[in-house]
Amino acid sequence: MACCFSLFYDTSAMNWGESSIAEAILTASEDAMKTNSVSLDHPLQNRDFSEAKMLDDAVTPATGGQLHIVSYAPRAFRHFREDPKFNNHITHADWTQEWTATKDKPRSAELGSGKSGAAFIKSINGHYMIKTIDKREVQVQCESLNDYLNHFELSPNSLLMRHLMLLGVEEVAESGKVKMTKYILVFENITDVPANMKLSMEIYDLKGRVPKPGKLPHVNKKASGTLKDKDLMRDFRVPPAAHKMIVQQLEKDTEYLKKHNLMDYSLLLIIVKPELTLEKRKQVAQAYDPAAGLSPATIRSITGTHTPLRPKSQYYHNGVLSHDCHEIFFMGIIDTLTNYHSLKKLANFFKQFAFFEQQLSTIPADEYGNRFQSFCTSIFRHKPRVSNIVGAPSSFQ
């Protein structure tokens, strides 16, 4: 659903242009470079994770007044974007280019499909997105940031959404009064799939819960937008090597989320069905064979994917090829900043009288994580199908 170029869904209260938000991101990025010019080899200190820095340069939106920017943990997030050990490989030049709009390459804004009604803005090439989050989520991110980076260092192929920058933006009237503060999270766009594949694309937002009474599957999946648990009527067959990697990573990521008392997250799963000739399908099968040892650039040239290249992560971020080589699956765990706080506990108490626990998202983090992991593991299968691709790698048999 398209919307005006306003970041926030409450357009009557806020009418900042999306160009102002992009300018805030660029201002914070440049500041991080100027004030943290030391080598990335220099280890992060505890203070780097708790810093909340008010930037000297304000942004002036078209509506008047000023936007004052607070950059949270700027040095830690810069390390996460640029340090190779985190497997992101985002250079400062590429990051800046992604947020610099031109007449030929504008940014795009759209409303989310969730209950919050939050709006999203995509970067120029669609590699990154920004959304608003609430103050409680900011606190969760700041308190867990050190462990968050440690998790990606130990698990560079993590399926968790990659948070790349966190900003607080204050709207200050000409009188100097602070009218309101919003918090902006910048993250990698999991739905960044090749344009030629989007016509055949299906997107699922899966929590692993049993549908509530009266929630019926969509009849026309292509016209329904993002699909939910109630719409899932299939499993996803992948080669044994890919299945092993997915299952192991789901376990590691879920343990991290349970450790930090997080819940109500989802597996965002994008299915594309590229139209390929038999010869092209052979090449794609070879590209996704881990035994082939092809470089990410070669994989990308064969498959047509254009997501950020990660040498250690050909499966998740360049897609997972189905066992029969007819589909490619892109996936990630999203909305990972909601903890099981008092309001969630209260909601759980009252909802128990109307629904079964299997139908609820507002359940304790351990229970949510166990259910989520069990469900996600169950929908990926590695039972071999007879390959109809002559010359397909043995790992697909």
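## Basis of the model

The model is predicted: local features need pLDDT of at least 70, side-chain atom pairs count only at pLDDT 80 or more, and totals for chains, interfaces and linings use all residues. Residues are numbered from 1 along each chain as its sequence is written, and side-chain values use heavy atoms, with hydrogens and water left out.

## Strand E12

E12 spans residues 328-334. Helices (H or I, at least four residues) and strands (E, at least two) are DSSP runs, numbered from the N terminus. Seven of the seven residues in E12 are buried. Buried means under 20% relative accessible area, exposed over 50%, partly exposed in between (1.4 Å probe, protein chains only).

Both faces of E12 are covered. One side carries Ile 328, Phe 330, Gly 332 and Ile 334. The other carries Phe 329, Met 331 and Ile 333.

## Partners of E12

Two strands pair if DSSP finds at least two bridges between them. E10 (residues 266-272) pairs with E12 over seven bridges, in the antiparallel sense. Here Ile 270 stands opposite Phe 330.

E11 (residues 320-321) also runs antiparallel to E12, joined by two bridges. Val 320 has Phe 329 as its bridge partner. E11 and E12 form a hairpin, with six residues between them. In the turn, Cys 325 has a positive phi of about 65°.

## Ser 155 in its loop

Ser 155 sits in the loop between helix H5 (135-154) and strand E6 (163-172). Why does Ser 155 count as buried? Because its relative accessibility is 7%.

Ser 155 touches Gln 249 and Lys 252, leaving aside residues up to four places away in sequence. Contact means heavy atoms within 4.5 Å.
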